[in-house]
Amino acid sequence: MNSQKIAEKPKSKNLIEGATGDWEVIIGLEVHAQVASNSKLFSGSSTGFGAPPNSHVSLVDAAMPGMLPVINRECVAQAIRTGLGLKAQINNRSVFDRKNYFYPDLPQGYQISQYKQPIVGEGEVEITVDGETLKVGVERLHLEQDAGKSLHDQHPDYSYVDLNRSGVALMEIVSKPDLRSSKQAQAYVTKLRSILRYLGTSDGDMDKGNLRADVNVSVRKPGDKLGTRCEIKNVNSIRFIGQAIEYEARRQIDIIEDGGTIDQETRLFDAAKNETRSMRSKEEAHDYRYFPDPDLLPLEFSNEYVEELKSKLPELPDEKRARFMTSFGLSAYDADVLVAERSSADYFEKVAEGRDGKVAANWVINELFGRLNKEGKAIEDSPVSAAQLGAIVDLIGSNAISGKIAKDLFEIVWTEGGDPAEIVEKRGMKQVTDTGAIEAAVDAIIAANPEKVEQAKAKPSMLGWFVGQVMKSTGGKANPASVNDILKAKLGI
């Protein structure tokens, strides 16, 4: 009998440890993204954010008797563009349905949506988590109108209703249950939002409620059939999505391990308490009594129309990432950081044009992004323009300034503005490349430190101390490479 141990299959990092063994979490997401358009899905009312309550409401939005919806052509185009960006099947014929339910901020008593025949079919979104690439299936994308908003904090005894959002176009993007961890779910929503922003089909602003997710969570023993899922409604931040999944998965595992069963229900995430709580038992689909909206004809368009929209799509994150890695020699990590937002990618390309791409990426990611994050600024509000940062990179490349001086120069441009080359000239910041001047500084340091010289000859790593002293004596202006070469020659290292 062979006593050699058989190598155990490595445990998946996505499994959750429970009292009775490992559990697998199954996650599917329904992302609601507000369509970028000037007017609503079925009326000419403005979609502008932040207006006084009920100031962007037409008779159609308020569901006055006799008012009929008229489809917004641009909203349809935006949905098709999004479907193309998700590499999805575009359905040339789709149908609008009425989804019937009562809520105070739903004036019609039904929502115009799409049920069995959506505008976009199956697609996919590629994500990378912990170095692993995963393709997440998209089940469908359909168009629907948003409801209004109930306000419960305006009066001690009454709730108010603001219908400004009523009738605004939404794209509901439904994923397949392909996600297996909170990190994967967060990466999926982040990537999806990035695609929408690149396409210009939604601004994806979660703070304004323009992108929010219903998160479906269930747990099972690895290999078992799918468990009963619970839906966490309207989660409006990527951080909260992760927290809600972590809590809900653990809650379900604890219930099952204690001998209980999971009730299919709708839950809400309480960010203050970092927990989910029951909202209502889950309605079955037939409770909504879907039927085709009699006021709207089926939506039909030609392949030529789809191809025309496709021909005008911008370069998307995955393609841009691949190009950055090939054209500029960037690492996968640096390329991912730069293409996350279209504005960041555009800024980097301006800095990198005609320059060393790796040096440009280093300055954009480390210096610029680091400072923007520290001060809570968006790249659109950067005090340092791409042209200014490119000029700093040029000064480094020409050996006019050292890396250390470049950081001082960046600080000056950030706080005061101005042309980097002129600042260097006027403030005497140019790097000392005159070997005679550097040699004099080296000689002075060697003469003043005979003991250190002997130590350096015995221990070459001491060279760094001498480099530091020379740079200090020259105000950081000496060319570091020249300093190193001269020191090595003088010390015989």
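The protein carries 62 positive and 73 negative side chains, and the centres of these two sets sit 2 Å apart. In this count Lys and Arg are the positive ones and Asp and Glu the negative ones, with His and the chain ends left out. Each charge is placed at NZ of Lys, CZ of Arg, CG of Asp or CD of Glu. The model is a predicted one, with local features needing pLDDT of at least 70 and side-chain atom pairs counting only at pLDDT 80 or more, while totals for chains, interfaces and linings use all residues. Residues are numbered from 1 along each chain as its sequence is written, and side-chain values rest on heavy atoms, with hydrogens and water left out.

Next comes the overall build. Taken along the principal axes, the box filled by the C-alpha atoms is roughly 95 × 75 × 55 Å. The radius of gyration is 30 Å, whereas a compact globule of 493 residues would have one near 23 Å. That radius is taken over C-alpha atoms, and the globule rule is 2.2 Å times the number of residues to the power 0.38.

Of the 493 residues, 46% count as buried. Here buried means under 20% relative accessible area, exposed means over 50%, and partly exposed is in between (1.4 Å probe, protein chains only). As for contacts with a separation of 6 or more, 67% of them link residues 24 or more positions apart; a contact means heavy atoms within 4.5 Å.

R180 sits in the loop between β10 (169-175) and α2 (182-199), and Q184 has its place in helix α2. The backbone nitrogen of R180 is 2.8 Å from a polar atom in the side chain of Q184. The side chain of R180, for its part, reaches the backbone oxygen of P177, also at 2.8 Å. A polar contact is a pair of N or O atoms within 3.5 Å; within protein, one must be able to donate a hydrogen and the other to accept it, and residues adjacent in sequence count only if both atoms are side-chain atoms. Beyond its neighbours within four places in sequence, R180 is in contact with N14, E24, V25, I26, I27 and R220. Q184 counts as buried because its relative accessibility is 8%. With residues up to four places away set aside, Q184 touches N14, I127, V129, L134, D178 and L179.

T128 lies in strand β6 (residues 123-129). Its side chain and that of T133 are joined by a polar contact of 3.5 Å. T128 has a relative accessible area of 39%, so it is partly exposed. Along the chain T128 and G242 are 114 residues apart, and their C-alpha atoms are separated by 16 Å.

N234, in strand β12 (residues 230-235), has a positive phi of about 50 degrees although it is not a glycine. For N274, phi is near 55 degrees, again a positive value in a residue other than glycine. N274 belongs to the loop between β13 (265-270) and β14 (275-281). Since N234 has a relative accessible area of 43%, it is partly exposed, and N274 is partly exposed at 38%.

G18 is part of strand β1 (residues 16-18) and counts as buried, because its relative accessibility is 15%. Leaving out residues up to four places away in sequence, G18 touches W23, R250, I253 and E257. G18 and L338 are 320 residues apart in sequence, and C-alpha to C-alpha they are 39 Å apart in space. L338 turns up again among the residues touched by A345, alongside Y198, K320, F324 and V339, not counting residues up to four places away in sequence. A345 is in helix α7 (residues 342-352), and its relative accessible area of 0% makes it buried. Between A345 and A335, 10 residues apart in sequence, the C-alpha to C-alpha distance is 8.9 Å.

Conventions:
Helices (H or I, at least four residues) and strands (E, at least two) are DSSP runs, numbered from the N terminus.
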